[in-house]
Amino acid sequence: MKKGLLIILSGPSGVGKGTVRRYIMDNFDLPICYSISMTTRPQREKEVEGVDYYFVTPEEFQRNIDANNFLEWEEFVGNRYGTPKDKVEELRKQGKHVLLEIEVNGAGEVMSKVNDDRVISFFLMPPSLEALESRIRRRKTESEKIIKERLDKGKKEMTMTAQYDHVVLNDNVARASQEIVDLIEQKAKSK
């Protein structure tokens, strides 16, 4: 059995990574699994262990860091989040493609750690900075200060596309998703 792909979907905050991921997983018949992160934050009502996250103690998370078992990890508002390497590799050995929907810094970390020819990376690009700003503002979840920080970070991230295999314009979710799926299928058939 051929090892599954590691699919990295990245781009600036507000570009539509989650929307494209859901569209791909809901509309195409590919053996794709969404990577489940490990976290130290408390489990919320209705969240399911092993479906939403792997919920662990801070000590267990640290053991995974010490064992080099994260493709990437970060700390956010006092909790840690990471992509467990052993879980991703187990799925890939079963021939399943594993999709990481990940921020640009985390994507760079993953790409520097995973050195095999069964990795494909996508940078999702907004049609314009104005479109990105509009998407962030439509959420109505952030202050003006946070919106400015996200846009400044997004501008910087859009200069980092050379580290990705493919840059996909998200001007239309269905079209962008189809482009990504076509490229995944080509990569899956190679070697």
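1. Let's start with Phe70. Setting aside neighbours within four places in sequence, Phe70 is in contact with Met38, Phe61, Asn64, Ile65, Gly82, Thr83, Pro84, Lys85 and Lys113. Keep in mind throughout that this is a predicted model. Phe70 belongs to strand E5, and its relative accessible area of 3% makes it buried, since the cut-off for that label is under 20%. One more distance for this residue: Thr40 is 30 residues away along the chain, and the two C-alpha atoms are 14 Å apart.

2. Phe70 also turns up in a core. A second, separate nonpolar core has six residues, among them Ile36, Val56, Phe61 and Phe70. Phe61 is buried as well, with a relative accessible area of 0%.

3. Now the aromatics, of which there are six pairs in the structure. Take Phe61 and Trp73: the ring centres are 6.0 Å apart and the planes meet at 75 degrees, so this one is edge-to-face. Phe61 sits in helix H2 (residues 58-66) and Trp73 in strand E5, so the pair links parts that are twelve residues apart in sequence. How exposed is Trp73? Trp73 is partly exposed, at 31% relative accessibility. Elsewhere, Tyr53, Phe55 and Tyr81 make up one aromatic cluster.

4. Arg21 lies over the face of Tyr34, 4.0 Å from the ring centre. Lys87 has its charged end over the ring of Tyr54, at 4.8 Å from the centre.

5. On to the sheet that holds E5. Four strands make an open sheet with mixed pairing, in the order E4-E3-E6-E5. Its edge strands are E4 (54-55) and E5 (70-76), each pairing on one side only. Inside that order, strand E3 (residues 38-39) and strand E6 (residues 79-84) run antiparallel and are joined by two bridges. Thr39 is found opposite Tyr81 of E6, and Tyr81 is also a member of the aromatic cluster with Tyr53 and Phe55.

6. There is another open sheet, this one of five strands with parallel pairing, ordered E2-E7-E1-E8-E9. Strand E2 (32-34) and strand E9 (166-169) are at the edges with a single partner strand each, so one side of each has no neighbour in the sheet. From one strand to the next, the twist averages 25 degrees. E2 and E7 are paired in the parallel sense through three bridges, and Ile32 stands opposite His97 in E7.

7. Which residues touch the most other members of the largest nonpolar core? That core has 41 residues, and the ones in question are Leu6, Ile7, Ile8, Val110, Phe122, Ile180 and Ile184. At least two core residues come from each of strand E1 (6-10), helix H1 (17-27), strand E7 (97-101), helix H4 (104-113), strand E8 (119-125), helix H5 (129-139), helix H6 (144-157) and helix H7 (173-189).

8. Last, a closer look at Val110 from that list. Leu6 and Ile8 are themselves on the list of residues touching the most other members of the core.

Key: Residues are numbered from 1 along each chain as its sequence is written. This is a predicted model: local features need pLDDT of at least 70, side-chain atom pairs count only at pLDDT 80 or more; totals for chains, interfaces and linings use all residues. Side-chain values use heavy atoms; hydrogens and water are left out. Two strands pair if DSSP finds at least two bridges between them. Rings of Phe, Tyr and Trp (its six-membered ring) pair if their centres lie within 6.5 Å; planes under 30 degrees apart count as stacked, over 60 as edge-to-face and the rest as tilted. Buried means under 20% relative accessible area, exposed over 50%, partly exposed in between (1.4 Å probe, protein chains only). A charge sits over a ring if NZ of Lys or CZ of Arg is within 6 Å of the ring centre and within 35 degrees of the ring normal. A nonpolar core is a set of buried Ala, Val, Leu, Ile, Met, Phe, Trp, Tyr and Cys residues joined through side-chain atoms within 4.5 Å. Axes are lines fitted to C-alpha atoms, for helices over the stretch in contact, and angles run from 0 to 180 degrees between N-to-C directions. Contact means heavy atoms within 4.5 Å.
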